[in-house]
Amino acid sequence: MNPVRATCNQLIRRSVDLCRLYRHAALAVNEPGLRVVLVEEAQALASVIVELQHGMELAGGKPRTNGSWRAALRCRLVGSMARASARRDHVWIRALAQDESALLQAFEHAIGVLPEEFARCLRRQLPRLRGIHLDMHNLAGATHS
């Protein structure tokens, strides 16, 4: 696989992993309003994934359709930490904010190094990812205070 397609598939994998974490968190948190927000964020990420996969197909590549085995471990680890914490929802929010920030950085880095036709597809996803970023970091700040 060429480096451009490998980079795009890596972004798809990371997005799938984070989407899985959002869905898992939505089932685990206590606050019903937070549950709704997490489901919406998972849906936004699912849309990003579908568009990335479609872009990869249009470019003649075979897009990833699944995440990594590490995502399941991450869900278990965060879930264990949350169950051991008095502030369960806070643990989930912090983990999601951290992983989401890393995904956004990976997208921004890829935009800077990929050819324009691929970077354009990623650039279209930035508003969604930045919206998720803002939501999660606002939630993380609210739970921290």
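**A note on the helices and their core**

1. Asp17 touches Gly67, Ser68 and Ala71, leaving out residues up to four places away in sequence. Contact here means heavy atoms within 4.5 Å. Asp17 lies in helix H1. Helices (H or I, at least four residues) and strands (E, at least two) are DSSP runs, numbered from the N terminus. Is Asp17 buried or exposed? Its relative accessibility is 12%, so Asp17 counts as buried. The cut-offs are these: buried is under 20% relative accessible area, exposed is over 50%, and partly exposed is in between (1.4 Å probe, protein chains only).

2. A word on the model. It is predicted: local features need pLDDT of at least 70, side-chain atom pairs count only at pLDDT 80 or more, and totals for chains, interfaces and linings use all residues. Residues are numbered from 1 along each chain as its sequence is written, and side-chain values use heavy atoms, with hydrogens and water left out.

3. Now the core. The largest nonpolar core has 46 residues. Such a core is a set of buried Ala, Val, Leu, Ile, Met, Phe, Trp, Tyr and Cys residues joined through side-chain atoms within 4.5 Å. Which members touch the most other members? They are Tyr22, Leu38, Leu45, Leu96, Phe107, Leu122 and Met136. Five helices each supply at least two residues of this core: H1 (3-28), H2 (32-58), H3 (69-84), H4 (88-113) and H5 (116-144). H4 gives the most, with twelve residues.

4. Take Leu38 as an example. Beyond residues up to four places away in sequence, Leu38 touches Tyr22, Ala25, Ala26, Val29, Leu96 and Met136.

5. Next, helix pairs. Two packed helices are described by the angle between their axes and the distance between the axes. Axes are lines fitted to C-alpha atoms, for helices over the stretch in contact, and angles run from 0 to 180 degrees between N-to-C directions. Angles under 35 degrees count as roughly parallel, over 145 as roughly antiparallel, 65 to 115 as roughly perpendicular and the rest as oblique.

6. Start with H1 and H2. Their axes come within 9 Å and cross at roughly 160 degrees. H1 and H2 are therefore roughly antiparallel to each other. Their crossing is left-handed. H1 residues including Ile12, Leu18 and Tyr22 meet H2 residues including Leu38, Leu45 and Ile49. This contact has 16 nonpolar, three polar and four charged residues. Ala, Val, Leu, Ile, Met, Phe, Trp, Tyr, Cys and Pro count as nonpolar, Asp, Glu, Lys and Arg as charged, and the others, Gly among them, as polar.

7. Arg23 belongs to H1. At 47% relative accessibility, Arg23 counts as partly exposed. Neighbours within four places aside, Arg23 is in contact with Ala42 and Ala46.

8. Arg35 sits in H2. At 30% relative accessibility, Arg35 counts as partly exposed. Arg35 touches Ala26, Val29 and Asn30, with residues up to four places away not counted. Arg35 and Cys121 are 86 residues apart in sequence, and 30 Å apart from C-alpha to C-alpha.

9. Turn to H1 and H4. The axes come within 10 Å and cross at roughly 165 degrees. This pair is therefore roughly antiparallel. The crossing of H1 and H4 is left-handed. From H1, residues such as Leu11, Leu18 and Tyr22 take part, and from H4, Trp92, Leu96 and Phe107 are among them. By class, the contact holds 13 nonpolar, three polar and four charged residues.

10. What of H2 and H4? Their axes come within 13 Å and cross at roughly 20 degrees. That makes H2 roughly parallel to H4. Their crossing is left-handed. Leu34, Leu38, Leu45, Val48 and Leu52 in H2 meet Asp89, Ile93, Leu96, Leu103 and Phe107 in H4. Nine of these residues are nonpolar, none is polar and one is charged.

11. Last, Arg124. This residue lies in helix H5. At 53% relative accessibility, Arg124 counts as exposed. Arg124 and Ala25 are 99 residues apart along the chain, and their C-alpha atoms are separated by 26 Å.

Note on methods:
Left-handed = near helix turned anticlockwise from the far one by under 90°.
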